[in-house]
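Please look at the model shown here.

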Amino acid sequence: MIFNSLTFLIFVAIFLPVYFKLKGRARLLLALGGSYLFYGWWDWRFLSLIVISTMVDFVLGLKMSLAKDAPSRKKLLYVSMVLNLGFLGFFKYFDFFTESFVTMLQSLGLSPSVHTLGIILPVGISFYTFQSLSYTIDIYRKKLSPEPDVLKFATFVAFWPQLVAGPIVRASDFLPQFRKDHDFNWNRAMSGTAQVLWGFFKKVAIADSLAPFVEQCFAEPQAFASVNLTIAVVFYSFQIYCDFSGYSDIAIGFARILGFDFPANFRTPYFSRSFSEFWTRWHISLSSWLRDYLYIPLGGNRHGTANTYKNLMLTMVLGGLWHGANWTFVFWGFLHGIYLVVQRLWGHTFGAMMRALRFPKILQSTINIALVYFFTNIAWIFFRSPDLATAMQVINGIAGMEGFAFVNVMNKFVVLKGVLLTGMLLAVEITDFKWDYGRLVLQKPAFRVASFAVLLWLIAIFGTFGSNAFIYFQF
Amino acid sequence: MKKSTWIIALLALTFAGDRLGGWALGTIIRDGQFRYSKLYRSEAGCDILFTGSSRGLIFYQPYIEEKTGLTTCNLSYNGLPVDLAVTLLKDHLDRHTPPKVLLIEVTMLDKRMNENLMANFNLYAPYSERLSTLLKEKFPKVYYGGEVSHLYRYNGEVFQRALYYWKRPDKDWLLDRVISPTMIANVTDQPIFNFDFTDDMLKQLAEVVAYAKAKGVHVELVVNPYYPPFAATIGNLGALTAAIEKATGLPVRNYATSVTDQEGFGDYQHLNKRGSRFFIDKLLEDGVLPAMEKKE
């Protein structure tokens, strides 16, 4: 089931009143049943993977807390990791590594007879795997006590608002929230609804309006003038931001209505002044997961400069691979790793140079924001392209500057609409710094009425209602 | 504010804003200079009427009017599917004095045309029973969505164009760029291009041709120029024109390779203004477009 579908609206219209009518275990059962229905609507067969992961991690968590020594706990953790990452590896990466292996052998002049399995990727597997892993790892580290109630644990793993595309909420943040029933709270419902509506606007109005132009250009980059490819890359940066942060907003908003607090997943990432800042503003739940469960265990920045760079590169490359089984994602991660390393190497020198030139602070910030945005877009080209060759075609097409003139902009009305909508997005995000819309929604009922109505009107005029899937579903 | 008051206020404001906004946008669109706004105001009467997909837009109207001394109207739109083109044509013929000549660019008989474009025409549904019926049949959710939310009727590119042409004429709507060197270099890599036309499309075309002829309109069926090396990649143009001739009983004038000047193309399928002028001269020479009557 996807958020921007009629089926989901019907689901929510039934789920919410029943949820608040029920109490205790009956409510938990409804939350779990609703979550399984939400997921099974796509393909009920893959529910078995979630159920197996849930059961195994639940039992291992309990056993780990009872284990007498560290080696026994470690063994249990390995079982959890092998199972969870095994599912992920098989369903997401088996075909990819097989194909890459065959290509490598072919390049050596061999003709192996190896076949891929054409495996279907279960929606959301990367998200719930990481969420579930955070539970067993935290118990192993003795940062978390195991959850004794299987119903609560299963609901934590499968909770429908964030099951298929995050945010990845840690067990230590989420499980304690199941300890009490959350009564319906008007203020929470209002602020949650505001975030849901804003998320829908970002998804159906902005992301889905930008998508066709981007799709066209990346499908056949050699057929488009440089100006169109440039617009497509800029549009894609906003498409993926609005698509993914829109999903997160809807998920966080619904969770808040239901009584749960999820941490923010995006904080105006394109206003970042450095790449390290970017990763504290973009897909925060994944970047912090990778930091805590991969980068720091690898040694983080504790063992000298060379090791720090190695750890950064490894974390970013694996973070890229997490997104999808394609060399384009690996290269995207590699590029971000390079950016972080380069920033550590020369960031200070660059800052000192700007200060020495007595650039005003606002100009320094603007230059930094522009540089980060520019290089982020270079990386997005690889992220969006179906293969590395296409990415290079896009880059060459832009760099060639052939036909870089307004007259060559194709479908100017689509471009105009895209510019208008991204302008609205930026205007809201910039002014939100000053006036904090979330607070205004809660404190000023008139503002709330007006903002809800305006969002509904804008969705009616600009929305795309074709139930287009969210980009991050494929991850 | 009480919760119930708040909910009522939200519903009332949303509904009132939707109706008010719908009315305001409707007024702007109805009074605009865009071709379909004029059509449904019954102010699109002309001597020469054109229709087609984006390839029908290359009939550069200011030049035709200058050369023929006649008035023109073009109902073409990017990706216009046949059933929508037929609906618009019939509406035009019913609401105006019939034109002297109707030119139909027939390569729109292709399944690749944008079927979803119809949903964009929801903003004109209140003015046409025929269009409403078509939308109810093909896009019921869109049609009834527009009944629920009047603002939703304006959700689409056609609205944006109508807004753009609110105060300015749309007669020079024509791509004016020159085909890029990369496109020229890549033309040989193009896969074979085949028209995917159906019997139903042929039937609809034949029906509208008969409808126009019954009103005394002289109908011309044409294939507009392609960039010649691209035209060579078309696999079944002959089959398309033969099927159309059989269905309509009219000859199809094939100008697919009639323009050879590279500078006259915007891309593989569209002439630019320069190419259009050259092509129009050819149509005049061949008598497809009526020549200017000499004044006594």
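The model is predicted. Begin with the place where chain B and chain A touch. Chain B puts 28 residues into this contact, and chain A puts in 25 residues. Together the two chains bury about 2,300 Å², and 67% of that area comes from carbon and sulfur atoms. On the side of chain B, the residues that lose the most area to chain A are B:Trp6, B:Gln160 and B:Arg177, which together make up 25% of what that side buries.

What kinds of polar link join the chains? There are five residue pairs in polar contact between chain B and chain A, counting pairs with both residues at pLDDT 80 or more. The number of salt bridges between chain B and chain A is zero.

Three helices of chain B, α1 (3–30), α8 (157–164) and α9 (181–186), each give two or more residues to the side that touches chain A. Of the elements on that side, α1(B) gives the most, with 10 residues. Sorted by type, the residues of chain B that touch chain A are 13 nonpolar, nine polar and six charged.

Now turn to chain A and its helix α13, residues 327–356. Where does α13(A) bend? The bend, of about 55°, is at A:Trp346. After α13(A) comes A:Arg358, which has a positive phi, near 55°.

Conventions
Residues are numbered from 1 along each chain as its sequence is written. Chains are lettered from A and ligands numbered from 1 in the order in which they are written. This is a predicted model: local features need pLDDT of at least 70, side-chain atom pairs count only at pLDDT 80 or more; totals for chains, interfaces and linings use all residues. Side-chain values use heavy atoms; hydrogens and water are left out. Contact means heavy atoms within 4.5 Å. Buried area is the accessible area (1.4 Å probe) that two parts lose on being put together, summed over both. A salt bridge is a side-chain nitrogen of Lys or Arg within 4 Å of a carboxyl oxygen of Asp or Glu. A polar contact is a pair of N or O atoms within 3.5 Å; within protein, one must be able to donate a hydrogen and the other to accept it, and residues adjacent in sequence count only if both atoms are side-chain atoms. Helices (H or I, at least four residues) and strands (E, at least two) are DSSP runs, numbered from the N terminus. Ala, Val, Leu, Ile, Met, Phe, Trp, Tyr, Cys and Pro count as nonpolar, Asp, Glu, Lys and Arg as charged, and the others, Gly among them, as polar. The bend at a residue is the angle between axes fitted to the seven residues ending there and the seven starting there.
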